[in-house]
Amino acid sequence: MKKLTFLFLSLFSASAFAQDVSEERVRTVISTLASDEMKGREIGTPENDKAAEYIAQLFKENNLEYCTGNSYLVPFNYKGKTAYNVCGIKKGKSEKFLGFSGHFDHIGVSNKSGDNIYNGADDDASGITTLVGIADYFKNKKPEFSMVFMAFNGEEKGMLGSTAISEDKNLDPIYNNLSALFNFEMVATEAEFGKNTVFITGDEFSDLDELFNQNAVNGLKIHPDPYAKQQLFYRSDNVSFVKKKIIAHSISTADMSKIKHYHEANDDMSIVNSKNMTQIINNFAKTLEKLSPKNFNPKYNDKVKFN
Ligand SMILES: [Zn+2]
């Protein structure tokens, strides 16, 4: 009887939550990217290539299609060498796309003694983990929107990867249909608004947050940017797409008023709140499931500067 009850409960919980991304999965992806073996994923290093290949492998597991050519790896020139962004597509019911991005590079290692590896768990392995989690969630589903997943390189050296891929003409068929880009930048900690919340940069420039919140499930909420004075909207990878007049905002949970790990060696797994991350990823994905070109068509107002 005991065994039967256990079996029943296991089957029940497996089916009830079959579509949810597990916290274990979230921890696996973020801890692999933020491991010491990745040596801080600095652009131009073998470990940066290794991180790109790992993300491509995750895209393959999720049956994503290539964005261009015959690989998820989209090359660009970095100081005379080839570096890669990573890009994959999930076809939905509509030709219209939503985009999800983050940057996988970080700032490498220092010459200091002791812990000299900048693991970049929050910045921005957490963002990559979030977009991978969304791809996980939709693996066996057909969403209303088509989806493009982009892992940018070279953000820390001046948003090089996002600049390159945003100017890549081979991706114009996607960009011409891109309704909005969500760029996840540092989402590993609890936001100052509490669990299950994020903030969006440049909230005053479009109605994206209002439209999203109208459909948000399970209490997930996008808050306005509390650090608007820092102009984060113009300082992250989303700006490469703002220049193209595509709706593109960064989503974050970083508490900029008291953050102690930004570009420090202690930005590692010890500061990651994987439970909160997992909840946000699943609620974000469930909200996306409700969005279609009919109820989600965000627009800029005239406050935004495109250059
Ligand atoms: Zn970053």
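**Close-ups of helix 9 and its partners**

**View 1. Helix 2 against helix 9.** In this predicted model, helix 2 (residues 23-33) packs on helix 9 at an angle of about 110°, and their axes sit 9 Å apart. Angles of 65 to 115 degrees count as roughly perpendicular, so that's the label for helix 2 and helix 9.

**View 2. Who touches whom between helix 2 and helix 9.** On the helix 2 side, look for E23, V26 and R27; helix 9 brings S274, K275, M277, T278 and I281. Sort the residues of this contact of helix 2 with helix 9 by class and you get three nonpolar, two polar and three charged.

**View 3. Helix 4 against helix 9.** Here helix 4 (residues 121-137) meets helix 9 (residues 274-290) at an angle of about 45°, with 9 Å between their axes. Helix 4 and helix 9 are therefore oblique to each other. As for handedness, helix 4 goes past helix 9 in a right-handed crossing.

**View 4. Side by side at the helix 4 and helix 9 contact.** Helix 4 puts in S126, T130, G133, I134 and Y137, while helix 9 answers with M277, I281, N282, F284, A285 and L288. The class tally for helix 4 with helix 9 reads seven nonpolar, four polar and no charged residues.

**View 5. The annotated stretch.** According to the unreviewed UniProt entry, the annotation "domain: Peptidase M28" spans residues 85-286.

Definitions and conventions
Residues are numbered from 1 along each chain as its sequence is written. This is a predicted model: local features need pLDDT of at least 70, side-chain atom pairs count only at pLDDT 80 or more; totals for chains, interfaces and linings use all residues. UniProt positions are given in the numbering used here, feature names are shortened, and annotations may be inferred rather than shown by experiment. Axes are lines fitted to C-alpha atoms, for helices over the stretch in contact, and angles run from 0 to 180 degrees between N-to-C directions. Helices (H or I, at least four residues) and strands (E, at least two) are DSSP runs, numbered from the N terminus. Angles under 35 degrees count as roughly parallel, over 145 as roughly antiparallel, 65 to 115 as roughly perpendicular and the rest as oblique. A crossing is left-handed if the near helix is turned anticlockwise from the far one by less than a right angle, and right-handed if clockwise. Two residues are in contact if their C-beta atoms, placed from the backbone, lie within 7 Å. Ala, Val, Leu, Ile, Met, Phe, Trp, Tyr, Cys and Pro count as nonpolar, Asp, Glu, Lys and Arg as charged, and the others, Gly among them, as polar.
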